[in-house]
Amino acid sequence: VEAISYLEKTGAGLLLGQAVDENGKLRKSYPSQVQRLNKFNSAKAATYEMIVDLEQVRAAGVLFDENFGAGAEKTYLGDEYIFICDLVSAGIRCDFVPIVLASHPTESSGSGWGTDRDRVARALIFDRAFKGNRTLPFMARVAFGLRKIGKGLTLGPYMRFIFKR
């Protein structure tokens with residue numbers, strides 16, 4: 001109810017909220033206040049954290065890219081982030097709001113960070129999110145990878161990630 005009211009009140013087309021694990025603990029670190037989403041702060045989005053104004057999304061012609069996400073062989077994640085990026089590019093307001101929307105087990109498709117498969121998929125996600133731009137996907141990989149150094153990512157895989165090897 002709170003999420004729907006927020007969409008109606010603000011005119012946002014997408015609300016990204018929080019999720020808890022099977023023990024009621026927040027699944028990840030979330031901002032403590034409302035935040036406008038953009039292509040640089042929405043990469044950790046999960047489908048179960050999203051509520052959309054379907055009318056706005058349809059009017060903008062934005063769809064989930066079926067080449068990414070569950071069921072895609074090489075790029076088995078990232079569909080949520082790409083969806084938000086496409087909405088932002090279409091001029092649709094997307095906001096993070098610190099309210100719990102869902103419960104989801106701790107393990108998920110995004111938990112594999114550090115494997116070769118995951119590294120390749122994530123590199124391709126940034127190419128798609130910033131399609132048409134040659135510099136921004138590289139810069140996004142550099143920044144995203146730097147945040148993972150020391151958290152399971154070592155220098156060699158980091159370099160392969162940013163140069164898509």
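**The second largest pocket and the cysteines**

Guide: Among the elements, α5 gives the most to the lining of the second largest pocket, namely five residues. Helices (H or I, at least four residues) and strands (E, at least two) are DSSP runs, numbered from the N terminus. This is a predicted model, in which local features need pLDDT of at least 70 and side-chain atom pairs count only at pLDDT 80 or more, while totals for chains, interfaces and linings use all residues. Residues are numbered from 1 along each chain as its sequence is written, and side-chain values use heavy atoms, with hydrogens and water left out.

A pocket here is an open set of points on a 1 Å grid over the protein atoms alone, where a 1.4 Å probe fits, with protein on both sides within 12 Å along at least five of seven lines; lining residues have an atom within 4 Å of a point. The second largest pocket has a volume of about 390 Å³, a volume being the space filled by probe spheres set on the points, which are joined across faces, edges and corners. It is lined by 24 residues, of which Phe-40, Asn-41, Ser-42, Ala-43 and Arg-147 are the closest to its centre. Two or more lining residues come from each of β1 (14-20) and α5 (136-148).

As for the cysteines, the whole structure has zero disulfides, a disulfide being a pair of cysteine sulfur atoms within 2.5 Å. Cys-85 is in none, since its nearest cysteine sulfur, in Cys-94, is 9.2 Å away, too far for a bond.
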